[in-house]
Amino acid sequence: MKKIAVFFADGCEEIEGLTVVDMLRRADLGVTGVSITGSRQVHGSHDILFQADTTFEEADMSEFDGCVLPGGLKGTANLAAHEGVTSVAKKFAADGKLVAAICAAPSVLGQAGILNGKHATCHPGWEEKLTGAITSADTVVTDGNIITSRGMGTAIDFSIALIRYLADEETVSKVRKGIVY
């Protein structure tokens, strides 16, 4: 079973991260919420307090087949400032593992040099932060092992793209039917 880490930072857009966790679990994929706050508690961008499954310090990144970076203005800044997140994303990208980001978070991938020559999308107005990318206004963009999306309103489509990448069309159909998509 594929295992994915969803990195949660204080200030993250709750819908963008928690929708991914929910949808991947509906697809029977392994997904772990990984807090980068130093504790399992995370304060979302809309004052929603929630608990991740583990912390970055407790997690063994070698167990994961990919990572997801949710957006949110403050959350994206916190992800970009966390050397471990950047290091893991770079290593996963280089190793051909899934690296996905939504909303403003694709900027973290751009700053890390992961998007050079890759097609990518992001929240409108953040395109210049996708250093080296071929930008698009598409809802979700998949380029090899890199998946990016535009924002909160695209979280389900983003999650479907992740499921398609990690599983198969039968699993996508099962999940879509179950959520009346």
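Hi everyone. Let me start with how helix packing is described here: axes are lines fitted to C-alpha atoms, for helices over the stretch in contact, and angles run from 0 to 180 degrees between N-to-C directions. Helices (H or I, at least four residues) and strands (E, at least two) are DSSP runs, numbered from the N terminus.

Now a word on where this comes from. This is a predicted model, in which local features need pLDDT of at least 70 and side-chain atom pairs count only at pLDDT 80 or more, while totals for chains, interfaces and linings use all residues. Residues are numbered from 1 along each chain as its sequence is written, and side-chain values use heavy atoms, with hydrogens and water left out.

How confident is the predictor? On pLDDT, its confidence in each residue from 0 to 100, the protein chain averages 98, and 100% of the residues score at least 70. Confidence is lowest in helix α6 (residues 169-178), with a mean of 97, and highest in strand β7 (residues 98-102), at 99.

Let's look at that helix α6 with its partner. Helix α5 (residues 155-166) packs against α6 at an angle of about 150°, and their axes are 8 Å apart. Angles under 35 degrees count as roughly parallel, over 145 as roughly antiparallel, 65 to 115 as roughly perpendicular and the rest as oblique, so α5 and α6 are roughly antiparallel to each other.

The crossing of α1 and α5 is right-handed.

What about helix length? The expected span is 1.5 Å times one less than the number of residues. α5, with 12 residues, reaches 16 Å from its first C-alpha to its last, close to the 16 Å expected.

Which residues of these helices are buried? Buried means under 20% relative accessible area, exposed over 50%, and partly exposed in between (1.4 Å probe, protein chains only). In α1, the buried residues include Val20, Val21, Met23 and Leu24. In α5, Phe158, Ile160, Leu162 and Ile163 are among them. Glycine 17, found in helix α1, counts as buried because its relative accessibility is 0%.

On to the cysteines, since someone always asks. A disulfide is a covalent bond between the sulfur atoms of two cysteines. Here the rule is a pair of cysteine sulfur atoms within 2.5 Å, and the count comes to 0 disulfides. Cysteine 103 is in none, with the nearest cysteine sulfur, that of cysteine 122, 8.5 Å away. That distance is too far for a bond. Both residues are buried: cysteine 103 has a relative accessible area of 10%, and cysteine 122 has 1%.

Finally, some backbone angles to find on screen. Cysteine 103 sits in the loop between β7 and α4 (106-111), and has a positive phi of about 70° although it is not a glycine. Aspartate 28, which follows α1, also has a positive phi, near 60°. In the segment after α6 you will find valine 180, another residue that is not a glycine, with a positive phi of about 55°. Is valine 180 buried or exposed? At 74% relative accessibility, valine 180 counts as exposed. Thanks, everyone!

Technical notes
pLDDT = per-residue confidence, 0-100. Left-handed = near helix turned anticlockwise from the far one by under 90°.
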